[in-house]
Amino acid sequence: MSEPITDNDILYEDNHLIAVNKRAGDIVQVDETGDEPLDEKVKKYIAQKYNKLNGAFLGVVHRLDRPVSGVILFAKTSKALDRMNNLFKTRQIRKTYYAVVRNKPEPEYGDLVHWLVKNQQKNVTKAHGHEVPGSMRSELHYRLAGEANGYYLIEVNPITGRPHQIRVQLSTLNCPIVGDNKYGYPRGSLRRSISLHARKLQFIHPVKNEPVEIKAPLPKDGFWDKFAHLME
């Protein structure tokens with residue numbers, strides 16, 4: 001049984017939005033595994049906290065892959081859901097991720113543009129250097145943030161939001177993410193996690209019209225601590 005959401009997991013909350021620090025291994029929405037998804041856990045948390053006997057509304061605004069940790073945002077009203085969906089669609093959200101890799105990226109910073117095709121059966125995405133049938137244009141900016149203990153920390157700002165985008169695009173640089181054996185790292189992680197963390201979301205609040213910055217602390221697993229000093 002996966003752990004329920006508590007006050008300690010909440011990074012931001014108002015009448016319209018709620019942001020959670022997702023643990024690696026949690027799924028965002030129900031899938032074929034039948035494991036309890038994060039959106040259901042957050043619904044239960046809201047219903048309990050505000051004594052909503054008929055349950056709570058919760059809209060999924062964006063997703064994080066199961067083995068990824070960090071900030072994920074949900075909408076508490078349908079109005080906020082529509083407006084947040086629009087902000088993501090029109091790319092008015094600034095997303096900052098950190099990835100740990102074994103190989104130093106060459107060049108140390110730049111923009112990656114690929115056309116991605118996802119194989120739904122195998123749940124794996126392939127990157128192409130040009131447009132191919134069924135592909136989606138994918139873009140991200142990255143920079144080397146530093147090195148610690150023989151590992152490299154890369155800061156990533158995805159411009160688009162495609163399935164497995166950061167994972168597959170970094171692997172094209174010969175920088176598979178630590179633990180991500182699906183995209184070229186030699187071995188998987190025993191903790192059902194990869195070393196990719198959604199660190200920060202920045203946007204203008206869709207209802208209050210004021211700037212919001214939501215930041216997720218690093219997983220307390222003994223590994224990420226080595227890189228804390230390299231982050232802003």
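**From hairpin to core**

Three residues separate strand 1 from strand 2, and the two strands form a hairpin; strands here are DSSP runs (E, at least two residues), as helices are (H or I, at least four), numbered from the N terminus. The model is predicted, with local features needing pLDDT of at least 70 and side-chain atom pairs counting only at pLDDT 80 or more, while totals for chains, interfaces and linings use all residues. Residues are numbered from 1 along each chain as its sequence is written, and side-chain values use heavy atoms, with hydrogens and water left out.

Strand 1 and strand 2 pair in the antiparallel sense over three bridges, where pairing requires that DSSP finds at least two bridges between the strands. Within this pair, Tyr12 stands opposite Ala19 of strand 2.

Both strands are among the elements that cover the buried residues of helix 1, which also include strand 3 (59-60) and strand 4 (69-75). The buried residues of helix 1 are Leu38, Asp39, Lys41, Val42, Tyr45, Ile46 and Ala47, buried meaning under 20% relative accessible area with a 1.4 Å probe and protein chains only. Just after helix 1, Asn51 takes a positive phi of about 55°.

Val42 also belongs to the largest nonpolar core, of 52 residues, where Val42, Phe74, Met84 and Phe203 touch the most other members; such a core is a set of buried Ala, Val, Leu, Ile, Met, Phe, Trp, Tyr and Cys residues joined through side-chain atoms within 4.5 Å. Apart from this core lies another, of 14 residues, among them Ala145, Ala148, Leu153 and Leu230.

Methods: Buried means under 20% relative accessible area, exposed over 50%, partly exposed in between (1.4 Å probe, protein chains only). Contact means heavy atoms within 4.5 Å.
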